[in-house]
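Here is a colleague's note for someone who has just opened this entry. Please keep the sequence and the structure at hand while reading.

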Amino acid sequence: MKRWQRVVLIVLGSLVGIAALFFLFEWAGDLLDSGGAIGG
Amino acid sequence: MAAGKQSRYLAITGRTLLGIGLLIALFLFYQLFVTDFINSRSQAAAADELVVVLAQRRDDLKSPSTTAPSNTTTTVQVAELPELIVEPEVPVGEPFARLIIDRIALDAVVFEGVDRTTLKLGPGHMPGTPLPGQPGNAVISGHRTTYGRPFYELDLLVVGDEIEVETALGISTYSVREILIVAPTDVWVTDNIDGAWLTLTTCHPRFSAAERLIIQAELIDGPNLEYVEAVAA
């Protein structure tokens, strides 16, 4: 694997990881506090 | 050999636990600080926008109804009622009011809508219920522990505490009458009530969405109070 391929892989992997963490945190956050609305 | 294998397993377990710990710490940091930061920015921007929105909405105010609701008994003389000032509907996501509760030092801009996106901006008014200051049961929901936690101390309210809502009508003052804990599916708390009421809803207990804390307050002062009292009489 060339250097630029490794860099692209790390950048893409980081972006996917951050996005996955964001959605995981949002989902788990709803368990802590869903906003308080009634009926949902 | 066995000792080497054992220490390798221990190392893997240790790293895994460290990773989980780091993830939990990141999660708590995000929920308790990052969401507050996001909310404080949106509230600051909304406070500026609200000044413009309120001025615009004051121009749009209309008063279409000055007669009592229809009654099947035709022999009853229907007295003329005080003027009811009707506020136009608000597009979802738009700021339109300010909620002030002195007891818990709350001063927040209220948005239209109770969807996830809107509630991240601040307390949200439930579409389909009357706007604050109008006859009926106006419902406002808000976060308890994240996104600026506007209703964090809502449980400190006691019967008789005052809640003010500033809309294009002016300031409507409510007095707390009831404090309830209900299930998230108990939609009856949003049902219409005779008179003019404000219902605040938030998650309960803190750091859990298992139940809802409900504050129901009755209008005691405001531009439409005379109308509400005349209808009730």
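The points below go through the structure one topic at a time.

1. A word on the model. What follows concerns a predicted model, and local features are taken up where pLDDT is at least 70.

2. Chain A. This chain has one helix and zero strands, and its C-alpha trace spans about 55 × 15 × 10 Å along the principal axes. Of the 40 residues in chain A, buried residues make up 18%.

3. The contact between the chains. The contact draws 14 residues from chain A and 26 residues from chain B. Sorted by class, the side of chain A that touches chain B consists of six nonpolar, six polar and two charged residues.

4. How the two helices cross. The crossing in which helix 1 of chain A passes helix 1 of chain B is right-handed.

5. Which residues meet where these helices touch. On the side of helix 1 of chain A they are A:Phe25, A:Ala28, A:Gly29 and A:Leu32, and on the side of helix 1 of chain B they are B:Phe27, B:Tyr30 and B:Gln31. By class, the residues of this contact between the two helices divide into five nonpolar, two polar and no charged.

6. B:Gln31 in its setting. This residue has its place in helix 1 of chain B, and with 20 other C-beta atoms within 10 Å B:Gln31 is buried, because 20 or more is the number that a buried residue needs. Not counting residues up to four places away in sequence, B:Gln31 touches A:Phe25, A:Gly29 and A:Leu32 from chain A, together with B:Thr146 from chain B. B:Gln31 and B:Pro95, for their part, are 64 residues apart in sequence and 24 Å apart in space, C-alpha to C-alpha.

7. The largest nonpolar core. In soluble globular proteins, nonpolar side chains tend to be buried together. Here the largest nonpolar core holds 40 residues, and those that touch the most other members are B:Leu99, B:Val110, B:Ile140, B:Ile163, B:Leu198, B:Ile215 and B:Ala217. Strand 8 of chain B, residues 211-221, supplies the largest share of this core, namely five residues. As for B:Ile140, its contacts, leaving out residues up to four places away in sequence, are B:Leu99, B:Val110, B:Pro123, B:Gly124, B:His125, B:Leu198 and B:Leu200.

8. The loop between strand 6 and strand 7 of chain B. B:Trp188 and B:Gly148 are 40 residues apart in sequence and 27 Å apart in space, C-alpha to C-alpha. B:Gly195 is found in the loop between strand 6 and strand 7 as well, and with 15 C-beta neighbours inside 10 Å B:Gly195 counts as partly exposed. Apart from its neighbours within four places in sequence, B:Gly195 is in contact with B:Glu218, B:Leu219, B:Val228 and B:Ala232; B:Gly195 and B:Leu219 are 24 residues apart in sequence, yet their C-alpha atoms are 7.8 Å apart in space.

9. Backbone details to check. The peptide bond from B:His204 to B:Pro205 is cis, with omega near -10°, and B:Pro205 has its place in the loop between strand 7 and strand 8 of chain B. B:Phe207 is found in the loop between strand 7 and strand 8 too; its phi is near 65°, a positive value in a residue other than glycine, and with 13 other C-beta atoms within 10 Å B:Phe207 is partly exposed. Phi is also positive at B:Ala105, near 50°, again in a residue other than glycine. B:Ala105 sits in the loop between strand 1 (95-101) and strand 2 (106-112) of chain B, and B:Ala105 counts as exposed, with 8 C-beta neighbours inside 10 Å.

Methods. Residues are numbered from 1 along each chain as its sequence is written. Chains are lettered from A and ligands numbered from 1 in the order in which they are written. This is a predicted model: local features need pLDDT of at least 70, side-chain atom pairs count only at pLDDT 80 or more; totals for chains, interfaces and linings use all residues. Two residues are in contact if their C-beta atoms, placed from the backbone, lie within 7 Å. Ala, Val, Leu, Ile, Met, Phe, Trp, Tyr, Cys and Pro count as nonpolar, Asp, Glu, Lys and Arg as charged, and the others, Gly among them, as polar. A crossing is left-handed if the near helix is turned anticlockwise from the far one by less than a right angle, and right-handed if clockwise. Helices (H or I, at least four residues) and strands (E, at least two) are DSSP runs, numbered from the N terminus. A nonpolar core is a set of buried Ala, Val, Leu, Ile, Met, Phe, Trp, Tyr and Cys residues joined through C-beta atoms within 7 Å. A residue is buried if 20 or more other C-beta atoms lie within 10 Å of its own, exposed if 12 or fewer, and partly exposed in between; C-beta atoms are placed from the backbone.
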